[in-house]
Each structure stands twice: as C-alpha cells, then as structure tokens.
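Take a walk through this structure, one stop at a time. Keep the sequence and the 3D view side by side as you read.

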Amino acid sequence: MFRSILLFVKAMVFLMLMSSGVLGQTAGLSHVLDSQPADFIAQHYRSLAAKAFQEAVIPSNKEFWLKQKNVLKQRIIQETGVQRYPNLPLEIKETGMIVKTEYRIKNIRFQTRPGVYATANLYIPEGKGPFPGVLITHGHWPDGRRAVIFQEVAQVLAQSGYVALTIDAWGAGERCTIAGEQEYHGANLGASLFNIGQSLLGMQLTDNIRAVDLLCSLPGVDSTKIGATGSSGGGNQTMWLAALDERIKAAIPVVSVGTFQSYVMNSNCVCELLPHGLSFTEESAVLGLIAPRALKVFNANQDANPSFFPAEMLRTYANARKIYALMGAKEQLSYQRFDTGHGYWPVMQEAMLGWFDHQLKGIGDGSAKPRPSVLPLPAKDLATYPDNQREKEVASTADFCRQEGSKSLDINHFKIDKAYFDGKRESLKQIIGTREIRVIKRVDKLGDQDGWRRMVLRTMAGQTIPFLWYASRNKVTSYQLFIHSQGKDSLSSEAIEKAIQNKENVILLDLWGTGEQASPEAQQIDGRLPPFHTLARSALWLGRTVIGEWVADLEVMQKWLKQQGCEKLTISAYKETAVAALAFSIWNKTDRLILYDCPKSYHFDQRDSIDYYNMAIHLPGIIPWGDVALMKTLSTARMASYRERTMSGRVVE
C-alpha cells in the first residue's frame, strides 16, 4: 500500500514538472547564446603560439648555444620518450631479394627495441664500395615505405652509388594492427602511446636511430657518410633524426619544415607532435641542433598545408641561420623552393641527388643532376611478409601499448603514506598540464526560459562560458553541475530530472571546446578525424591538455557558485569529462562525483572501437603515474560510477 502511494506521488510530481516545462525541455533550452560568438579558443591558442615563437631564445654566442644545445636535446629525449640501443643485436633477417642490373633490393626486418622488429627494404648498388648510406623516411602515403615516391627516391640513390634503406614508420606499412590491412597510425591510435609515457614521434625516432645503426654496420657502407631524407611526415622524421643523431652528415627534409607555431590550430599528425614543445623551443632551434652538419630544406610553393608554407619555413630558416653562423657553418644551411605541390617530385629528387653527391661524395657543386630512370615495383614484391604471415615481434601500436601498459600496471602500488600521496597530487599537475587561472569579469543573465536561467560567465581573457541554471525554489545550498564532452545537449534528461526533483540547484555547463563553447574552426579542421583531434594536439604543443582546460573551467565555475552560496557541490560527468571531474576533485573540495561511462583504466585493450573516447581523453604518462585508480584514491569526494568502460568502450562488469 505504502509503495503504491509513493509511486503515485512520484508520478504526480513528474507530471507537474512536465506541465510547468521544467522537464523534457532541455533540448529546447540548449542555446544560451543568441548568436555564435567569436572563436575564442582558436584566437587564444594562436595568440599563445605566436607569443611562444617570439619568446623562443635565439643564442647570442657560441658558448651559450653549446650549453643550451645539450639541455634542449635532453628535454626532447624526455618529452618524446626516445630510446637508444647501441648494443642491441640488429638480428637482420632477409625474407626476399630482387635483383636488378645496377642494384639489388633486400626485403628485411631488424630489431629496433628489445623483442620489437621493423620492416624495411635495403637497396644495394652493384660494385665494390664502400658506398655512402642514406636513410629514407616516408610520410602518410598508402603502403608506407613501398609507396611509389619512396621507391623512386631509393632507386635513384641506388643507381647513383648509395646504399639506401627505407623503413616502415611505426604503425604504418607492414606494421599496422592487422597484417596486410592499411590504417592511419595517428589520431586516437597513435595518441594512445602518450598514456604509457611514449609518443609516436619518439617511437619513430627510436626506429630511425636503429636504422642508422644498421647502415653503419654494413661492410659495404662508409659509416662516416650517412645521409637522411624524407617527405612530409618523413621529412619531419629526417629533421628530428639529424638533430639527435650526429652520425647524419647531410639531411634533406622535404615539404615538412615550417614553424611549430603554425602547427597549433592546424591539421597535422600526432607523429609530428613534440609534447610541451612550444613551452621550451621552436623549430629553428631543432634545425640548429644539426649545425654545423649539412642541411638543405625543400619546400613546395603550392603546398596545401599552411604548416609547410614556404613563408613559415623562411621564418624558421632565418633564426636557424643565426645558429649556423655562430657555429661557423653558414654555408652548410640552405633551402630550395619548388613550383610543385606536396610530395617528393622528380625535380626534387634531382636536386637531392646533386646535393648528396656534393656532401657525401665530394663531387659536383651541389646543383641538380638528371635522375636515372626508375620503375616502381608492385608493393607486394617489396613486402617483408608477402603472405601477411608476419612474426609476432613486428609489434603494432596496439600490441606495444597493451604490453607496456601492463608492465606499468604491474609495478604501480599505492603506499599508505601522506608524503607519497602529496607527491602524486603534485605530479598529476604536470600531467594535466598548464592551467590558466580563469578570472571572472562578469556573469550575465540572458533571460529565463521554461524555468531555466540562461547564463554566461565571461572571463577577463575574453572567454565566454555558457550555462543553464535551474535555481531551486527552496534556496538550498546544494548544487549539481552536469558536464558532457559533447555539450549539454547530450546530457541525460533523466539524471537532470532526478536532481530537480531532489530540489537541488542544477547547472548545465558547456565546457571548453564543447557545445556552445566549441571552436567551429577546430571542428572544421578535424573533418573526419575524431573530435578534439585539433584541440588536443594544439593543447599538447602548448604544454596543456583538454582535460586541464576543463579543470580550469570547473575551477572558475566553482568560484562563482560559492558566490551564490553553494556549500555542497555534486558533479555529474560523462565520458571524457569524468576524468576532468576526477582531477578537479583532487585539488578542489567536491562533495560528490557521479561518473558515467568513465574509463576504468587507461590500459589499451583492443584496436576495435578505438574512437569510443575522443582525443580529449589522452594524458601523457598517466598509466606510469598511477592510472584512474590512483586518481580515485586521491579524490576525497563521495563517488558513484555507472557503466565503467575500457578504453575501447566495452562496459566493465
């Protein structure tokens, strides 16, 4: 009897709320703002990137640069996670060979990390030798190292008396998740490496340093005459390799040099991302690390990517030239522009050949030479595993993340010690990244609709934070704040209705980059890539994370709520924002957390459904730090978690 009466009362309350327009109307109330504001995020991030470029230190004397050079190298190694294995056996295995009139091609694999192998092709000219050696790094073309343009470059070099090595970049070519199936090695897949304390850039660098080890080990190669070249993402690899490995005597990065500033709010791969890069350097300094060794930069006048526009390259070149001058090697740095689009075109190959002849063979004046005829082969003929039966040691990103993540999880253990927990709270701030302190300028009320107050919090920096407020008529001091990574339109109306029935003040907040606070420009750049691809990459360049930006929004919102008399704060957070709510509760008093679809762990479980969480989820080094479990341990909030999931979105029973 009592249960029936209770159900009847609940039903009547629900109907009254429905008739008053309080419930079931959140979709109609989703727009707080009357018009689309200026894209604050795009403007702000570009401003921060421009400031970083201006503040990048250009050395004034050689002694200062030599000290700074070593510090910069160590910082790059730290941020990328690059590893060196000079004493690790190469374990080169040949699986096939193609014999041509002037050269041979060996299909090989070799060891780049303990128990990890890379697929490659070795182009060996006929003749006595020893020959100069050149490492060729590919960009984002189908078939990786076996793409037509990289075959052409290798054939040109082999016919001209160079041993050329082409290597599949980490996660590309024959190193994708499923043998024989092409995939993009970046986006959420490549970004998963951040969570285990690695980076796609660092994985590639480690491989390429080992590729130089291989070239130098060959009896037919002159180890004092090693060059490197690559196009697009491969050109980026060439630059980083030459900066960190002084065995590279001459380098030609093609359609890849611009400015780090231009990477912010632009379309680039995570393989070209140096975490925190703009917080301590610019591209000119990385080029400067190559001095006094020979460097020639190729750019295309018709390149479609603003990051690689010749105008951006020239800004970097001007500052790099100052470093080369300090090292007494101005003549060793040059550039050439071509009236082409993005690629490694025949005219570029001819310029490459003449310059390498001059730098590595000591012949000619460095000007272009006609290239020999080339005939690219079917990709399957160059496959290390033509039947796709590759060895398990040819690890994919998925394999590596699972393996390394498990190691970190095994060694993590919580000590019941205040100093340990205090240290973890502080080190988490480094992982979350720089958080600007949002200062309230004013909070505007834009009118009421169906019981909801349309509100905008404006910061001194010009940020507009829209939210809806259902103020309890009982003037209670408890507030429930709802957040979702897809904006307030995606919030559960059932959960909101329950909070209102409980007579709480209810806030529906659009966080940084979500809902009405989204960046239209970033969304356009993302295209078919996972949401937050542009913003997550840009944030990491600036030493930030999307999670950190959300925490900053929650902090300024809490300040305002306290001004309204809030004494008890509940945060209901969905998907990626659940991690932000957890982090917030570690440093800020929060009475209760209600987490929906929160990752139980950052441990990589499977490649399928890799995009269940968007790119905002990633936090560099979060697994070695202690993972979600430690975040929950550090939080003092009462906590309820519904539908905890794996990183691929599978519900954890």
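Is His 618 buried or exposed? His 618 is buried, because its relative accessible area is 7%. Buried here means under 20% relative accessible area, exposed means over 50%, and partly exposed lies in between, with a 1.4 Å probe and protein chains only.

A word on the source. This is a predicted model, in which local features need pLDDT of at least 70 and side-chain atom pairs count only at pLDDT 80 or more, while totals for chains, interfaces and linings use all residues. Residues are numbered from 1 along each chain as its sequence is written, and side-chain values use heavy atoms, with hydrogens and water left out.

Back to the histidine. His 618 sits in the loop between β16 (592-596) and α18 (622-625). Helices (H or I, at least four residues) and strands (E, at least two) are DSSP runs, numbered from the N terminus. The side chain of His 618 has a polar contact of 2.6 Å with that of Asn 188. Another, of 3.1 Å, joins the side chains of His 618 and Asn 195. A polar contact is a pair of N or O atoms within 3.5 Å; within protein, one must be able to donate a hydrogen and the other to accept it, and residues adjacent in sequence count only if both atoms are side-chain atoms. Neighbours within four places in sequence aside, His 618 is in contact (heavy atoms within 4.5 Å) with Asn 188, Ala 191, Ser 192, Asn 195 and Tyr 602.

Next comes Thr 646, in the segment after β17 (638-642). Thr 646 is buried, because its relative accessible area is 15%. Its side chain makes a polar contact of 2.8 Å with the side chain of Asp 605. Not counting residues up to four places away in sequence, Thr 646 touches Asp 605, Tyr 613 and Val 652.

Now find strand β4 (residues 131-137). Of its 7 residues, 7 are buried, so the strand is largely enclosed by the rest of the structure. Strands pair if DSSP finds at least two bridges between them. β4 runs parallel to β6 (residues 221-231), and 6 bridges join them. Here Val 134 stands opposite Gly 227. β4 also runs parallel to β5 (residues 163-167), with 5 bridges. There Ile 136 stands opposite Thr 166.

Turn to the rings. The structure holds 22 aromatic pairs. One of them is Trp 240 with Phe 260, stacked at 6.0 Å centre to centre and 5 degrees between the planes. Rings of Phe, Tyr and Trp (its six-membered ring) pair if their centres lie within 6.5 Å; planes under 30 degrees apart count as stacked, over 60 as edge-to-face and the rest as tilted. Trp 240 and Phe 260 are both buried. Together with Tyr 263, Phe 308 and Trp 541, they form one aromatic cluster.

Charges meet rings too. Arg 453 lies over the face of Trp 469, 4.6 Å from the ring centre. The rule asks for NZ of Lys or CZ of Arg within 6 Å of the ring centre and within 35 degrees of the ring normal.

Last, the cysteines. The structure holds 0 disulfides (pairs of cysteine sulfur atoms within 2.5 Å). Cys 401 is buried, at 1% relative accessibility, whereas Cys 216 is partly exposed, at 23%.
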